[in-house]
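Here is a short report on how the parts of this model pack together. Look at the structure first, then read on.

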Amino acid sequence: MLNKLESLCGLYGVSGREDAVREYIISQIRDKAEFHTDNSGNLIVFKKGRQVPKNKVMLAAHMDEVGFIVTFITDDGYLRFDTVGGIDASVLSGRSVLVGGRLVPGVIGVKPVHLLKSEEKENYPEKDMLYIDIGAPSKARAGEAVSVGDAAYFDSDFVEFGDGFVKGRAIDDRAGCALMLHMIGGELEFDTWFAFTAQEETGSGGAFAAAFAVEPDYSIVLEATTAADIAGVKGEKRVCALGGGAAISFMDRGTIYPRDLFDRAFELARENGVKAQPKTLVAGSNDAAAVFKSRAGVRVLTLSLPCRYIHSPSCVISAPDLYETEKLARLLAADFARR
Amino acid sequence: MSTEPLKALLFSLCGAYGVTGGEDSASLLAMRELSKYMPAKMDALHSVHGETGNGPIHILLDAHIDQIGFIVTNVDEDGFVSVAPCGDADKRVLPAAEVLILGRETLYGVFTSTPPHLSKGDSGKVKDFDKLFIDTGLPAGKAKELIAAGDKVVFKSKQRELLDGKVVSPALDDRAGVAAILRCLELLKGVEHGCKISVAFTVQEESTGGGARTSAYAIGADEAISVDVTFGAALGIPPEKTFPLGGGPLIGMAPPLDHGMSQRFIKIAKEKNIPYGIEAMGGKTFTNADGIAFSKAGVRTALISIPQRNMHTAVEVCGLEDIGNTARLMAEYILERGAAGDA
C-alpha cells in the first residue's frame, strides 16, 4: 500500500485537474472492477463482492490536492498566483514549486531578511504579496514556458523517515485513494461502490455528484485530517495523534455524524483489536458534507489518517495508521452493508 | 562558453554542509577543488588556504565557505528538537521546511508547522524558535540517542535550474563566491600573470567574522578581493537596494574598500566588455571585506558581489552568467595588476 501511496503522491492534480490521478487509478483497476468517469471528473467504481449487500455502501476519497493556479504574469516575468484550496501563508514563502503541465521549476520568492522593516519581520507575507520566480527575465520569456491558468505544485519528494513516518506533498488525500485502490485490488465481502472524487479541496462539488449518481445508503469518507500532536500542544487541541489509528469524526465544520455510527466504529475497533481514536476538535470539512445531503440523505462516517503539517509541502503520516485505517474501513463497510 | 562545468562545480559545492562554525565538510571539498590549482591546506579554524605564483604584488582572493543554518539546543520528552539559528536565517520560510540534522547520523526532519485551528487570530504572526521544532519522526529515546545539543542542521532542498541559466540551491551564499574564485583560477591556469596569489575560503562570515580576520592575518597580502553575494532585484523590493540578475558582478564602494581598486575594476570591466554595476554603501559592507581591510597593518581591499535572490533561505537563486563574469573580472584584474609590475 505504501508503494501505491508513493506512486499516487508522485502525480500532480489540483482541484479540477485530477486527470493524471484518475488515469493512474484506472490503470490499476482496469481488470478488477467496473468503472466510469462522470461529468464532474469523478471516477466511480463498482466492485463485486462475495455477497449482495442489504445496504448500498459507498466509500469515497478525493483525488485532488491543494496547490496553486497562475493568475497573472508581470512585465518582469514573475508569476502571480492564487491558492487552490486552503494553504496557510506560513508555508508559502521560500518554497520550491513546479509550474504547469511541463512542471517548470520555480520558487516562491521572498524579500531578503536583511531588508525587512520590523513589521515585515513579524508576519508571514500573504499570497497576494508573493510571486513565483521561474527565472524568466520578461513576460514574453515566461510565456514560452508557462501560461495564466497553469496549475502549480509544491516541489516535494516522498520520503520515508523516522520510525515508520512518511512525508509527501499530496498525502491529503492520495492516502484515501491508496486505501481504496488496495481494497479494490483484493476480495470484498459485499458488493461495494468506490468514489474517487474531484474538487474536494474547493468545496466537495465532485462528491455531491458522485453521491447523487451512486445513491448509497451508507457512505464512508476516507480522508486525511490535521494532527497537531506536536511540541507545545496539549489536550483536545492535538486533534489526533500519529500512530493512534484512524481518527473518527463526531462532528466537523460540514457534518454532524450519526452518533450510532461513531459508536459502532469504536465498538468494531475494540472487538477486532484495531487502533482508532476520536478526532477531538470540531474543525475542517470534507466530502461527507456533500454526501450526507445528497438525494433524501445518506448516513455517513469519516475515517481520517492523522496528518501533521497538512496542506503544506511536507504532509507527514505514520505508515501503520494506513493499515489500521484500512482494517477499520473494511469492518465498517461490511457492517453497514449487512445492517 | 558552456556553463555546464560551472553549474556542476557550484551544485557540488552547495551540496556540502558547512553551517557557520561547523564548516569542516564544505571546507574539505573546497580544499580538494583548490588543490587542483595550488597546494591547499586547512587552518586551525577550518578555513582553506592556498598560495601560488610569484610577483611583486600579493593578492588575496577570499570567499566565505560557511552557510546559514541551525544548531540543536534540546531534544524534548517527545523527541521534538529545538534549535537556534546560526547566522541570520529567515524565520518566515521555516514552517514545514525540510532539514537534515547532522547528528550521529544524518537525519531527515521537518520543521513543525502549527495548524491554523490552533491560532488565536495570530496565525499570520511569524513563529520564533521557541515555537518551532524539528520533527524527526523518531521516538524520544531514539532521538536522544542520535541527536545532541550542538549538532548542526541544514536546509534540505532541491538544486534546480530555472530558465536562462539561473540556479536554485541552499548555500549559494557564498558558494557562488567560492565557485567564482575557482573559475578565476581555471581561467588563469598556465598563464604567467606575474602575481603572487593566495586564496582563502573562510569560515564564520555568517556569525563571528572570525574566519576572514584570521586568514587575512595569516596570509598578509597587499591587496584582497573578497567575493560575496548581494541582494538581487526581485518583485516588491526597492530597486535602489538591489541589483539585477544577469547584470554582472557589483563593484563595491564603501569606506573600508580601497577606492583605487574599485576604479581599476571599473576600468577593466569597461575595457573587457564585462557587464558590471556599482554597489555603494555608506559604512561597513557587512562582508568579509570589513575584517580583511583592517587586518595587520591594513590590506587594500575590494568587494565584488554576485546578485542573489531569496538570500538566507533554502531557495537562494543566482545567475550562472554573473558568476562566470565575476571570475572573468577577477582574472582580468590579476592579469593587469601583474603586468603593472608594482606592489
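This is a predicted model. Start with the domains of chain B. In the contact between them, 12 residues of domain 1 of chain B meet 12 residues of domain 2 of chain B. The domain 1 side of this contact has four nonpolar, seven polar and one charged residues. Domain 1 of chain B covers 4-67 + 170-340, and domain 2 covers 69-155. Their C-alpha centres are 32 Å apart.

Next, the contact between chains. Here 56 residues of chain A are in contact with 53 residues of chain B. Several elements of chain A each supply at least two residues of the side that touches chain B, among them helix 3 (118-122) and helix 4 (139-145).

| Domain 1 of chain B, touching domain 2 of chain B | four residues | seven residues | one residue |

Last, the core. The largest nonpolar core holds 227 residues. Helix 4 (residues 172-188) of chain B gives the most to this core, with 10 residues. Leu79(A) and Met180(A) have the most contacts inside the core. Which residues does Met180(A) contact, leaving aside its neighbours within four places in sequence? They are Leu59(A), Ala61(A), Phe194(A), Phe196(A) and Leu222(A).

How values were computed:
Residues are numbered from 1 along each chain as its sequence is written. Chains are lettered from A and ligands numbered from 1 in the order in which they are written. This is a predicted model: local features need pLDDT of at least 70, side-chain atom pairs count only at pLDDT 80 or more; totals for chains, interfaces and linings use all residues. A nonpolar core is a set of buried Ala, Val, Leu, Ile, Met, Phe, Trp, Tyr and Cys residues joined through C-beta atoms within 7 Å. A residue is buried if 20 or more other C-beta atoms lie within 10 Å of its own, exposed if 12 or fewer, and partly exposed in between; C-beta atoms are placed from the backbone. Helices (H or I, at least four residues) and strands (E, at least two) are DSSP runs, numbered from the N terminus. Two residues are in contact if their C-beta atoms, placed from the backbone, lie within 7 Å. Domain bounds come from an automatic or database domain assignment. Ala, Val, Leu, Ile, Met, Phe, Trp, Tyr, Cys and Pro count as nonpolar, Asp, Glu, Lys and Arg as charged, and the others, Gly among them, as polar.
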